[in-house]
Amino acid sequence: MIDPKFLRSDIQEVAEKLLTKNFQLDCESFNLLDSERKSLQSKLEKLLQERNSHAKKIGMKITENGPADNSVKELKIIGEDLKNQSNQIETELSIVKHKINAILEIIPNLPDSSVPKGKGEEDNLVVRKWGSPKTFGFDILDHVELGNNIGQMDFDVATKITGSRFMQLSGQLASLHRALIQFMLDTHINENGYEEVYVPYIVNSKSLWSTGQLPKFENDQFKIDDERNYYLIPTAEVPVTNIYRDVIVDQLPKKYVAHTPCFRSEAGSYGKDTRGMIRQHQFEKVELVHFVEPQNSWQTFEQLVAHAESILQKLELPYQVVNLCGGDLGFSSAKTYDLEVWVPSQGRYREISSCSNFLDFQARRLKARFKKDGKIELMHTLNGSGLAVGRTLLAVMENYQEEGGRRIKIPTVLQGYMNGSEYISGSKG
């Protein structure tokens, strides 16, 4: 959540910055409500002072004349009236504060000054590239055709079991999917210094609200239809970040890695990427989450991106790093770098990781704080995929395919996880 003090101090500046995210802040409505809040707050404070002063008078009268004295009875009547007035003002103030909070919770995080202006992904800026797309001396196939050729990827069976946008893997391809997960975890734990955590795959609405998925992205969530208000997680970011909800820690930084399934309704992507594994309702991710002191925030952001890049480099998959423009930037993010891997069948780079710095935006909702030198402050939160497993699998399949599409070379770093196998070739191979 945006800092309300900063918003009140210069609402026009905030509104101007939010235009980079294509968000129109209704300054007039907020200012009117805030003026009403101040007026009611002032009235309430005066009434409470009167009530306190009046209570002292009643006490003195009782001491002087006894509780049955007529003047005491009259004072009590006046005191009851002051109480009713203050209760009424408190009710009105509560309603106004609720309206203000309803505005605050839909205001996105302010973009960093280094975020480019733009309306959508076509305005994103490429920061750097790594590796060169391979030139194949034969007609290439996409991952769906490759999976079918080796008989280890089946979308029809998954559709029968559940519905569209699910998949079923078997044999070596299922093992390669698992190998990628273990390889990512081992790299981030042993080389990049993360602590592994295992977290629930179901969260409550408070957890989603705290990280910014609610209320804005309610339709993108898979909600469990019962009275408990539970949701399937859209990403491990939600449960891992909520570890520090309503917590004050004595020492930072903290950095965690978690492997979880992710569940997304893809409500806003109807008709997009319906073929294969690009956009599914259920997929796996290895997520990286940082909690840091504010002064270390941007340095940590660069480290986070480098850690995600290290996976692609070890797999020798060409990719590019993209600075998202304001119009493509997430609700809670101040800045995001997307890593986009080369997908040969599409002749383009596709997102495989988003690394974001949220500054204190999430921490303000979470009330996630740290104590240093006797002072309590909001921490900064960051996260990124390290990486999305399904998209990594399809990138490996397509970039390492061999002529005829009936055999896939296993990247060198993964062969140890595959009992030394160098190739995948299934029942149809």
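S14 (residues 369-372) and S15 run antiparallel, and I count four bridges between them. I'm working from a predicted model here.

Next, another sheet. This one is also open, with three strands in the order S5-S7-S6 and antiparallel pairing. Its edges are S5 (202-204) and S6 (222-223), each pairing on one side only. I checked S5 against S7 (residues 230-232) and got three bridges in the antiparallel sense. Ile202 sits opposite Leu232 in S7 there.

Then I went to S11 (residues 319-323). How many of its residues are buried? Five of five, so I noted the strand as mostly covered. Tyr319, Val321 and Asn323 point one way, Gln320 and Val322 point the other way, and all are buried. For neighbours, I found S1 (residues 125-130) paired antiparallel with S11 over five bridges. Trp130 has Tyr319 of S11 as its bridge partner. S12 (residues 335-343) also runs antiparallel to S11, joined by five bridges. In that pairing I see Val322 opposite Asp338 of S12.

On to helices. Which residues of H2 (residues 11-18) are buried? I get Ile11, Val14, Ala15 and Leu18. These cover an arc of only 100° around the axis, which puts them on the same side of H2. Gln12 and Glu16, on the other side of H2, are exposed.

I also wanted a helix pair, and picked H7 (residues 171-191) with H12 (residues 389-399). Their axes come within 10 Å and cross at roughly 120°. I put the crossing down as right-handed. From H7, the contact takes in Leu173, Leu176, His177, Leu180, Ile181 and Met184. From H12, I list Val389, Gly390, Thr392, Leu393, Val396 and Met397. Sorting the contact residues by type gave me nine nonpolar, three polar and no charged.

I looked for cis peptide bonds and noted one between Leu214 and Pro215, with omega about 5°. Pro215 lies in the loop between H8 (205-211) and S6. I noted another cis bond between Leu252 and Pro253, where omega is about 10°. Pro253 belongs to the loop between S8 and S9 (254-263).

Is Asn229 buried, partly exposed or exposed? Its relative accessible area is 28%, so I wrote it down as partly exposed. Asn419 also has a positive phi, about 55°, although it is not a glycine. I place Asn419 in the loop between H13 (412-415) and S18 (423-424). Its relative accessibility is 78%, so Asn419 goes in my notes as exposed; the cut-off for that is over 50%.

Methods
Residues numbered from 1 in each chain as written. Predicted model: local features only at pLDDT ≥ 70, side-chain atom pairs only at ≥ 80, totals over all residues. Heavy atoms only, no water. Axes fitted to C-alpha atoms, helices over the stretch in contact; angles between N-to-C directions. Helix = DSSP H or I, 4+ residues; strand = E, 2+ residues; numbered from the N terminus. Left-handed = near helix turned anticlockwise from the far one by under 90°. Contact = heavy atoms within 4.5 Å. Nonpolar A, V, L, I, M, F, W, Y, C, P; charged D, E, K, R; others polar. Buried < 20%, exposed > 50% of the residue type's maximum accessible area, 1.4 Å probe, protein only. Pairing = 2+ DSSP bridges. Arc of directions from axis to C-beta.
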